[in-house]
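Grab a pencil and work through these exercises with the model open beside you. Try each task yourself before you read the solution.

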Amino acid sequence: MQLVVGKIGRAHGIRGDVSVEVRTDEPELRLGPGAVLSTDPATVGPLTIESGKVHSGRLLLRFAGVNDRNAAEALRGTMLIAEIDPEDRPEDPEEFYDHQLIGLDVVLLDGTLVGELSEVVHLPYQDLLTVTRPDGTEVLVPFVTRIVPTIDLENQRAVIDPPPGLIDPAEAVVVRSDDASGAEEASEEEGSEEDGSVGDGFEGAGDSGARGE
(Lines give C-alpha, C1' and ligand atoms only; values in the text may rest on other atoms or scores of the structure.)
Protein backbone atom coordinates (compact mmCIF):
# COMPACT_ATOMS: atom_id res chain seq x y z
CA MET A 1 0.00 0.00 0.00
CA GLN A 2 1.23 3.50 -0.79
CA LEU A 3 1.32 6.44 1.62
CA VAL A 4 2.45 10.01 1.04
CA VAL A 5 5.25 10.66 3.53
CA GLY A 6 6.61 14.00 2.37
CA LYS A 7 6.55 16.83 -0.13
CA ILE A 8 9.72 18.32 -1.61
CA GLY A 9 10.15 22.04 -1.12
CA ARG A 10 12.85 24.49 -2.16
CA ALA A 11 16.43 23.65 -2.97
CA HIS A 12 18.91 24.37 -0.20
CA GLY A 13 22.49 25.27 -1.04
CA ILE A 14 24.28 24.24 -4.22
CA ARG A 15 24.92 20.52 -3.68
CA GLY A 16 21.44 19.12 -4.31
CA ASP A 17 19.84 19.31 -0.88
CA VAL A 18 16.09 19.98 -0.72
CA SER A 19 13.80 20.92 2.13
CA VAL A 20 11.00 18.42 2.78
CA GLU A 21 7.58 18.93 4.30
CA VAL A 22 7.26 15.82 6.47
CA ARG A 23 3.93 14.01 6.30
CA THR A 24 4.70 10.98 8.42
CA ASP A 25 4.98 10.35 12.14
CA GLU A 26 7.87 7.98 11.45
CA PRO A 27 10.40 10.10 9.50
CA GLU A 28 13.37 8.07 10.74
CA LEU A 29 11.83 4.97 9.17
CA ARG A 30 10.20 6.41 6.05
CA LEU A 31 12.72 9.13 5.20
CA GLY A 32 16.01 7.64 6.36
CA PRO A 33 19.15 7.14 4.24
CA GLY A 34 18.73 4.27 1.81
CA ALA A 35 14.95 4.54 1.56
CA VAL A 36 13.62 4.24 -1.98
CA LEU A 37 10.50 6.30 -2.60
CA SER A 38 8.01 6.46 -5.42
CA THR A 39 6.94 9.92 -6.55
CA ASP A 40 4.04 11.93 -7.85
CA PRO A 41 4.58 12.73 -10.68
CA ALA A 42 5.85 9.22 -11.27
CA THR A 43 8.26 10.33 -14.01
CA VAL A 44 10.50 12.00 -11.41
CA GLY A 45 11.17 8.84 -9.42
CA PRO A 46 11.88 6.55 -7.89
CA LEU A 47 14.21 8.54 -5.63
CA THR A 48 16.76 7.03 -3.25
CA ILE A 49 17.60 9.04 -0.14
CA GLU A 50 21.36 9.48 0.12
CA SER A 51 21.54 11.56 3.28
CA GLY A 52 19.43 13.73 5.55
CA LYS A 53 19.76 16.30 8.30
CA VAL A 54 17.72 18.81 10.24
CA HIS A 55 18.59 22.47 9.65
CA SER A 56 16.79 25.32 11.42
CA GLY A 57 13.89 23.03 12.23
CA ARG A 58 13.52 21.76 8.66
CA LEU A 59 14.35 18.35 7.26
CA LEU A 60 16.86 18.49 4.41
CA LEU A 61 17.33 15.48 2.15
CA ARG A 62 19.76 14.69 -0.63
CA PHE A 63 18.82 12.13 -3.27
CA ALA A 64 21.16 9.92 -5.24
CA GLY A 65 21.95 11.47 -8.61
CA VAL A 66 20.72 14.94 -7.61
CA ASN A 67 24.00 16.83 -7.35
CA ASP A 68 23.33 20.51 -7.91
CA ARG A 69 20.84 23.25 -7.16
CA ASN A 70 19.17 23.15 -10.58
CA ALA A 71 18.44 19.43 -10.30
CA ALA A 72 17.18 19.90 -6.76
CA GLU A 73 14.93 22.81 -7.73
CA ALA A 74 13.42 20.68 -10.52
CA LEU A 75 12.05 18.34 -7.82
CA ARG A 76 10.13 21.09 -6.07
CA GLY A 77 6.51 20.12 -5.39
CA THR A 78 7.12 16.40 -5.84
CA MET A 79 5.23 14.12 -3.46
CA LEU A 80 7.24 11.33 -1.83
CA ILE A 81 5.43 8.00 -1.52
CA ALA A 82 6.40 4.99 0.58
CA GLU A 83 5.24 1.40 0.21
CA ILE A 84 3.96 -0.10 3.47
CA ASP A 85 2.37 -3.36 4.54
CA PRO A 86 -1.43 -2.83 4.90
CA GLU A 87 -1.27 -4.75 8.17
CA ASP A 88 1.29 -2.38 9.70
CA ARG A 89 0.20 -0.25 12.65
CA PRO A 90 1.94 2.77 14.19
CA GLU A 91 3.73 1.94 17.44
CA ASP A 92 1.61 4.42 19.40
CA PRO A 93 -1.82 2.83 20.08
CA GLU A 94 -3.41 6.28 19.81
CA GLU A 95 -2.22 6.69 16.22
CA PHE A 96 -3.75 5.22 13.10
CA TYR A 97 -2.84 5.29 9.45
CA ASP A 98 -5.29 7.27 7.34
CA HIS A 99 -6.30 4.20 5.32
CA GLN A 100 -7.38 2.47 8.54
CA LEU A 101 -9.76 5.30 9.42
CA ILE A 102 -11.27 6.16 6.05
CA GLY A 103 -14.53 4.30 5.51
CA LEU A 104 -15.34 3.77 9.19
CA ASP A 105 -18.94 4.28 10.30
CA VAL A 106 -19.12 7.25 12.65
CA VAL A 107 -21.66 6.77 15.46
CA LEU A 108 -22.71 8.53 18.64
CA LEU A 109 -22.32 6.96 22.08
CA ASP A 110 -25.84 5.50 21.79
CA GLY A 111 -25.06 3.93 18.41
CA THR A 112 -26.86 6.52 16.26
CA LEU A 113 -25.22 6.69 12.84
CA VAL A 114 -23.76 10.09 12.00
CA GLY A 115 -22.11 9.22 8.70
CA GLU A 116 -18.97 7.81 7.12
CA LEU A 117 -15.41 8.92 7.86
CA SER A 118 -14.30 10.12 4.42
CA GLU A 119 -11.02 11.98 5.03
CA VAL A 120 -8.37 12.75 7.63
CA VAL A 121 -7.28 16.38 7.50
CA HIS A 122 -3.80 17.01 8.91
CA LEU A 123 -3.25 20.51 10.26
CA PRO A 124 -0.07 21.72 12.00
CA TYR A 125 -1.52 21.46 15.50
CA GLN A 126 -4.55 19.23 15.12
CA ASP A 127 -6.04 16.43 13.03
CA LEU A 128 -9.65 16.65 11.86
CA LEU A 129 -11.94 13.85 10.71
CA THR A 130 -14.22 14.65 7.80
CA VAL A 131 -17.54 12.88 8.28
CA THR A 132 -19.87 12.64 5.29
CA ARG A 133 -23.49 12.46 6.41
CA PRO A 134 -26.20 10.46 4.62
CA ASP A 135 -27.52 13.67 2.99
CA GLY A 136 -24.08 14.41 1.53
CA THR A 137 -23.15 17.25 3.88
CA GLU A 138 -19.82 17.14 5.70
CA VAL A 139 -18.87 17.70 9.32
CA LEU A 140 -15.35 18.25 10.66
CA VAL A 141 -14.67 16.49 13.96
CA PRO A 142 -11.51 17.25 16.00
CA PHE A 143 -9.56 14.02 16.42
CA VAL A 144 -9.12 14.20 20.18
CA THR A 145 -9.92 11.54 22.75
CA ARG A 146 -12.53 13.70 24.50
CA ILE A 147 -14.59 13.87 21.29
CA VAL A 148 -13.52 10.60 19.64
CA PRO A 149 -13.18 8.22 22.61
CA THR A 150 -13.21 4.98 20.61
CA ILE A 151 -11.74 3.76 17.34
CA ASP A 152 -13.01 0.23 16.84
CA LEU A 153 -11.20 -1.18 13.81
CA GLU A 154 -12.57 -4.68 14.37
CA ASN A 155 -16.15 -3.45 14.00
CA GLN A 156 -15.20 -0.70 11.55
CA ARG A 157 -16.58 2.23 13.50
CA ALA A 158 -15.53 5.42 15.23
CA VAL A 159 -17.51 6.44 18.30
CA ILE A 160 -17.82 10.17 18.90
CA ASP A 161 -19.14 12.28 21.77
CA PRO A 162 -19.51 15.70 20.12
CA PRO A 163 -20.20 18.91 22.04
CA PRO A 164 -23.55 20.61 21.35
CA GLY A 165 -23.64 22.24 17.93
CA LEU A 166 -20.78 20.28 16.34
CA ILE A 167 -23.02 17.85 14.47
CA ASP A 168 -26.29 19.82 14.55
CA PRO A 169 -25.81 23.62 14.48
CA ALA A 170 -29.32 24.01 15.90
CA GLU A 171 -28.04 22.56 19.17
CA ALA A 172 -25.27 25.13 19.52
CA VAL A 173 -25.22 27.04 22.79
CA VAL A 174 -25.31 30.80 22.28
CA VAL A 175 -23.34 32.75 24.86
CA ARG A 176 -24.41 36.37 25.43
CA SER A 177 -21.85 39.04 26.14
CA ASP A 178 -22.94 39.36 29.78
CA ASP A 179 -22.74 35.58 30.12
CA ALA A 180 -19.24 35.63 28.67
CA SER A 181 -18.17 38.27 31.19
CA GLY A 182 -19.56 36.20 34.01
CA ALA A 183 -17.85 33.10 32.67
CA GLU A 184 -14.55 34.96 32.41
CA GLU A 185 -14.82 36.13 36.01
CA ALA A 186 -15.66 32.61 37.15
CA SER A 187 -12.71 31.27 35.18
CA GLU A 188 -10.36 33.75 36.83
CA GLU A 189 -11.67 32.76 40.26
CA GLU A 190 -11.19 29.09 39.51
CA GLY A 191 -7.71 29.74 38.17
CA SER A 192 -6.72 31.45 41.41
CA GLU A 193 -7.72 28.37 43.39
CA GLU A 194 -5.89 25.87 41.20
CA ASP A 195 -2.24 25.33 40.47
CA GLY A 196 -2.70 25.15 36.71
CA SER A 197 -5.13 24.65 33.89
CA VAL A 198 -5.76 21.70 31.69
CA GLY A 199 -6.32 22.09 27.94
CA ASP A 200 -6.79 19.79 24.98
CA GLY A 201 -3.59 18.44 23.48
CA PHE A 202 -3.38 18.35 19.73
CA GLU A 203 -0.73 16.61 17.68
CA GLY A 204 -0.34 16.93 13.94
CA ALA A 205 0.34 13.98 11.80
CA GLY A 206 1.28 13.02 8.36
CA ASP A 207 0.45 9.55 7.10
CA SER A 208 -1.34 8.76 10.34
CA GLY A 209 -3.88 10.46 12.55
CA ALA A 210 -2.98 10.96 16.19
CA ARG A 211 -5.58 11.63 18.83
CA GLY A 212 -4.90 14.45 21.22
CA GLU A 213 -6.18 14.32 24.74
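**Exercise 1. How do strand 1 and strand 2 pair, and over how many bridges?**

Step 1: Strand 2 covers residues 17-22, and it pairs with strand 1 in the antiparallel sense over 5 bridges. Strands here are DSSP runs of E with at least two residues, numbered from the N terminus, and two strands pair if DSSP finds at least two bridges between them.

Step 2: Look for a facing pair, and you'll find Ala 11 opposite Val 18 in strand 2.

Step 3: Now check the connection: the two strands form a hairpin with 4 residues between them. Gly 13 sits in the turn and has a positive phi of about 75 degrees.

Step 4: Strand 1 (residues 2-12) is also joined to strand 6 (residues 79-83), by 5 bridges, and these two run antiparallel. Here Val 4 stands opposite Ile 81 in strand 6.

Before you go on, a word on the ground rules. This is a predicted model, so local features need pLDDT of at least 70 and side-chain atom pairs count only at pLDDT 80 or more, while totals for chains, interfaces and linings use all residues. Residues are numbered from 1 along each chain as its sequence is written, and side-chain values use heavy atoms, with hydrogens and water left out.

**Exercise 2. Which residue of the chain forms a salt bridge with Asp 17?**

Step 1: The structure holds 3 salt bridges.

Step 2: The partner of Asp 17 is Arg 62, with the closest N and O atoms 3.0 Å apart. This pair links distant parts of the chain, since Asp 17 is in strand 2 and Arg 62 is in strand 5 (residues 58-63), 45 residues apart.

Step 3: Compare accessibility. Buried means under 20% relative accessible area, exposed over 50%, and partly exposed in between (1.4 Å probe, protein chains only). Asp 17 counts as buried because its relative accessibility is 9%, and Arg 62 is partly exposed at 22%.

Step 4: Arg 157 is partly exposed at 35%, whereas Asp 152 is buried at 17%.

**Exercise 3. Which residues touch the most other members of the largest nonpolar core?**

Step 1: A nonpolar core is a set of buried Ala, Val, Leu, Ile, Met, Phe, Trp, Tyr and Cys residues joined through side-chain atoms within 4.5 Å.

Step 2: The largest core has 19 residues, and Leu 101, Leu 129, Val 141, Val 148 and Ile 151 touch the most other members.

Step 3: Strands 9 (113-122), 10 (127-132), 11 (138-142) and 13 (157-160) each supply at least two residues of this core. Strand 9 gives the most, with 3 residues.

**Exercise 4. Where does Gly 52 lie, and which residues is Gly 52 in contact with, leaving aside its neighbours within four places in sequence?**

Step 1: Gly 52 lies in strand 4 (residues 47-55).

Step 2: Leaving aside those neighbours, Gly 52 is in contact (heavy atoms within 4.5 Å) with Leu 60 and Leu 61.

Step 3: Gly 52 is partly exposed, with a relative accessible area of 46%.

Terms used:
A salt bridge is a side-chain nitrogen of Lys or Arg within 4 Å of a carboxyl oxygen of Asp or Glu.
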